[in-house]
Amino acid sequence: MGAGHCEKICDEHLFRDPEIYGLLQENEKVLDAEDPWRIAATRGKICLRRLLHISLALAAIPFFLLFVCLPLLIFLFPNHMQHIFFLNFRKIPMTDYENVSSNNVLNTGRSFYLQGEQGKLGVWHTWPKSLTDSFKQKGIVPSDADMEESLARMKFPVVLYAHGNSFDRTIDHRCQLYNVLNNMDYHVIAFDYRGYGDSEGSPTEDGIVADSRLVYEWLLPRIGDNLLIIWGHSMGTGVSTRLVQDLSKEGKAPHGLVLESPFNNLHDAVMNHPFSLPIRWMPDSLVNLLILNPLRSVGLNMDSDLRIVDITCPIYIIHAEDDHVIPVKLGRMLRDAARAAKRDVEYLEFPSHREFKHKFIYLADELPKHVRKFFDKCDTLRNGTRIGQST
């Protein structure tokens, strides 16, 4: 494209703007009409100034949307905007929920559904490694009835896993944790809350806690005298803490609670999350007014530091120092809240150089040793008391 064509385009845009055109005319009056280069340079400067103004205006649009419109949308439409917290709309296309092994689960597993308040809930049951190996050696493919009966018939601990926000029970880091627990000879029951994975419905805090309780109560009559531990990760720690608080008040607490990468309360989780940058400029009073109070008005609280004080079973908090999603200080604050209430709480923190961040603690070679020690403690403390009775 020639210089003359560029100048023509620039002129066309300049002449449409009366202010710029007037400025140009004014400058040209003081210039020597015989000096076309000076006239061209003046026109170029004015054109660049105009382009700079337009570019700055365009660049400001996303900042305006993030820093102003997003908080206002949460304030005006909290029932819809709470899905930013749940992130249940994030799914991997073509996921096969029925075929457990296709999702890198190494031991025998089955997929089934329970009827929830808003429709079906997808559930997986994956087997302890020794059971998987035993059936394989005999050349037997276990039926669904075999797998369900094994929960009580053989003495293996049972882990009920409550996952975090975003995606579902099939995502790789969750499946890798199932593998670790199965290889320790534990049953794993993993499920998707309403609106996640292949589970029907739409999530709310009350709703996903109710889903967790439904799976828990499905398990109780099926596990015999086996140890039952609830394991929550990330958002699932808020769900698990509330569930176990409720169960503790009813005298039906599980034998133990594991909280992996937890937060202490909704305010601190929101304000320390990487996505919270657009609202960090706000004072707390404005954050409460525009963000937290509207979310609480639709039932989203997740105040684990207030709920953990009522939990009666042993608690194990696990966190990575380099967690970039939920800073480790929030896990420490939750631990401190439990200690202040004289709860039975243990704390394990992995240093930053291990690079486990938010969801790779399962990679720790020593994790099975620590988890087994906690499970053994829970087994000892229950003193033969069945779940459903006070512990």
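Ile315, Ile317 and His319 point one way from strand E7, while Tyr316, Ile318 and Ala320 point the other way, and all of these residues are buried. In this predicted model, six of the six residues of E7, which spans residues 315–320, are buried, so the strand is largely enclosed by the rest of the structure.

**Strand E7 and its partners**

- Strand E6, made of residues 256–260, pairs with E7 in the parallel sense, and the pairing runs over four bridges; within this pairing of strands, Leu259 stands opposite Ile317 of E7.
- Strand E8, made of residues 345–350, also pairs with E7 in the parallel sense, here over six bridges, and the bridge partner that Ile318 has in E8 is Leu348.

**Aromatic pairs and a cluster**

- The structure holds 12 aromatic pairs, and one of them is formed by Phe85 and Phe86, an edge-to-face pair with 5.6 Å from centre to centre and 80° between the planes; both of these residues, Phe85 and Phe86, are buried.
- The rings of Phe350 and Phe356 have their centres 5.4 Å apart and their planes at 80°, so this pair, too, is edge-to-face, an angle over 60 degrees being what that class requires.
- Phe350 is buried, with a relative accessible area of 2%, and Phe356 counts as buried at 5% relative accessibility, the cut-off for buried being under 20%.

**A nonpolar patch on the surface**

- Leu48, Leu51 and Ile54 form a nonpolar patch on the surface, and together these residues have about 290 Å² of accessible area.
- Ile54, one of the residues of this patch, is found in helix H3, which covers residues 36–76.
- Ile54 has a relative accessible area of 39% and is therefore partly exposed, since that class lies between the limits of 20% for buried and 50% for exposed.

How values were computed
Residues numbered from 1 in each chain as written. Predicted model: local features only at pLDDT ≥ 70, side-chain atom pairs only at ≥ 80, totals over all residues. Heavy atoms only, no water. Buried < 20%, exposed > 50% of the residue type's maximum accessible area, 1.4 Å probe, protein only. Helix = DSSP H or I, 4+ residues; strand = E, 2+ residues; numbered from the N terminus. Pairing = 2+ DSSP bridges. Patch = residues over 30% accessible without salt bridge, like charges linked within 9 Å, V, L, I, M, F, W, Y side chains within 5 Å. Areas by Shrake-Rupley, 256 points an atom, 1.4 Å probe, with all protein chains shown as cover. Salt bridge = Lys/Arg side-chain N within 4 Å of Asp/Glu carboxyl O. Phe/Tyr/Trp six-rings, centres within 6.5 Å; stacked < 30°, edge-to-face > 60°.
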